[in-house]
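Morning, everyone. Please look at the model on the screen while I talk.

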Amino acid sequence: MPTRRKAATDALPEILPRSRADLTPERIVRLLLYVLGVVTVGWHLYYAYQGAIPRQQHANIHLGMLLAVFYLSTIDFDPEGWRDHLNNGVSVVLLAAIVGATTYVHLNFWRWLNEARQQLVYTNLDLLIGAVVILITIHATWRAYGRLLGLVVLFALFYGWAGPLFPGILFHSGFSIERLIYMNSVSIGGVYGFILGVGSTWVAVFILFAGIIEGYGGLEYVTQVGRNVGGRLRSGVVQVAVISSMLMGSITGSSAANVATTGSFTIPLMREEGVEGKYAAAIESIASTGGQILPPVMGSAAFLMADILGVSFFSILQSAI
């Protein structure tokens, strides 16, 4: 019996504790990451199927979950100096802050939508929560993607406040700090705007789809096809990236979802074959954008063009072909 029990515990995923002695802080955090990852995937699939709440409210949950995953994953359990200890402390504090802020926004979503957005009625606590969400989002962007992108966002906010200080065509009357916080959070805009809405719906679902494809060997298959074609054509790997983006775009009709889905493996594939990083990214982005107008789906742009031009949808399809 003990041997059978030991074999059963050895068969468990490495993330799960085998005994009470395994309940170390590192193992607990890894377990939380595992559970939160499963919950995040389940929630996005449920929303894609059911869509029971507004997209902005779902986007708030999406943002909170992913920021929580990010800060949990940044905790270093082998700190070497005061900087690592400081980063761990900041990660824990911001993790607690984003969980609290996400919960607050979710519970007060309809008040923000109806009173704050439409009637300009909000509280100081609303502004504080909005400022917390904005600052944490900027910090996570800075930490994950480098200081350049974070500085761009900070400069945009600074320019909104310091408009009267700029000369010539850059001059504007400026916005107060309260107004900037309101427009970028409490009004269900800014952080909760169009980009997050697209990312939390189409992009998130198709990233999950790409993960499933990769988990079942799709990445290895595409890699092998690329190498086989590359053996005959100098640009074989690049052509595989273009064709895969074309086919995915014809199904999704979304250039953003296309880049997120196919780019997750075509860009690394091209880089492995010697294509420079910026060229690989450019090829994938252009191919994905072109794939959006490949029939039959073509995204919302096709319907907008048909409406603006006053022609039938089939005319737009014909032009795209």
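First, a term: buried means under 20% relative accessible area, exposed means over 50%, and partly exposed lies in between, with a 1.4 Å probe and protein chains only. This is a predicted model, where local features need pLDDT of at least 70, side-chain atom pairs count only at pLDDT 80 or more, and totals for chains, interfaces and linings use all residues. Residues are numbered from 1 along each chain as its sequence is written, and side-chain values use heavy atoms, with hydrogens and water left out.

Now the overview. The protein has 15 helices and zero strands. Helices (H or I, at least four residues) and strands (E, at least two) are DSSP runs, numbered from the N terminus. Of the 321 residues, 36% count as buried.

Next, helix α2. It covers residues 25–50, which is 26 residues. Just after α2 comes glycine 51, with a positive phi of about 60°.

On to a helix pair. The axes of α6 (residues 124–145) and α8 (residues 177–186) come within 9 Å and cross at roughly 70°. Axes are lines fitted to C-alpha atoms, for helices over the stretch in contact, and angles run from 0 to 180 degrees between N-to-C directions. So α6 is roughly perpendicular to α8, a label for 65 to 115 degrees. Contact means heavy atoms within 4.5 Å. From α6, Asp126, Leu127, Gly130, Ala131 and Ile134 take part; from α8, Glu178, Ile181, Tyr182, Asn184, Ser185 and Val186.

Last, the rings. Rings of Phe, Tyr and Trp (its six-membered ring) pair if their centres lie within 6.5 Å; planes under 30 degrees apart count as stacked, over 60 as edge-to-face and the rest as tilted. How many aromatic pairs does the whole structure hold? The search finds 10. Tyrosine 104 and tryptophan 112 are edge-to-face, 6.4 Å centre to centre, with 65° between the planes. Tyrosine 104 counts as buried at 16% relative accessibility; tryptophan 112 is buried at 0%. Phenylalanine 109 and tryptophan 110 are also edge-to-face, at 5.4 Å and 80°. Phenylalanine 109 is buried at 2%, whereas tryptophan 110 is partly exposed at 48%. Ring pairs also link Phe155, Phe158, Tyr159, Trp161 and Phe166 into a cluster.

Key. The expected span of a helix is 1.5 Å times one less than its number of residues. Angles under 35 degrees count as roughly parallel, over 145 as roughly antiparallel, 65 to 115 as roughly perpendicular and the rest as oblique.
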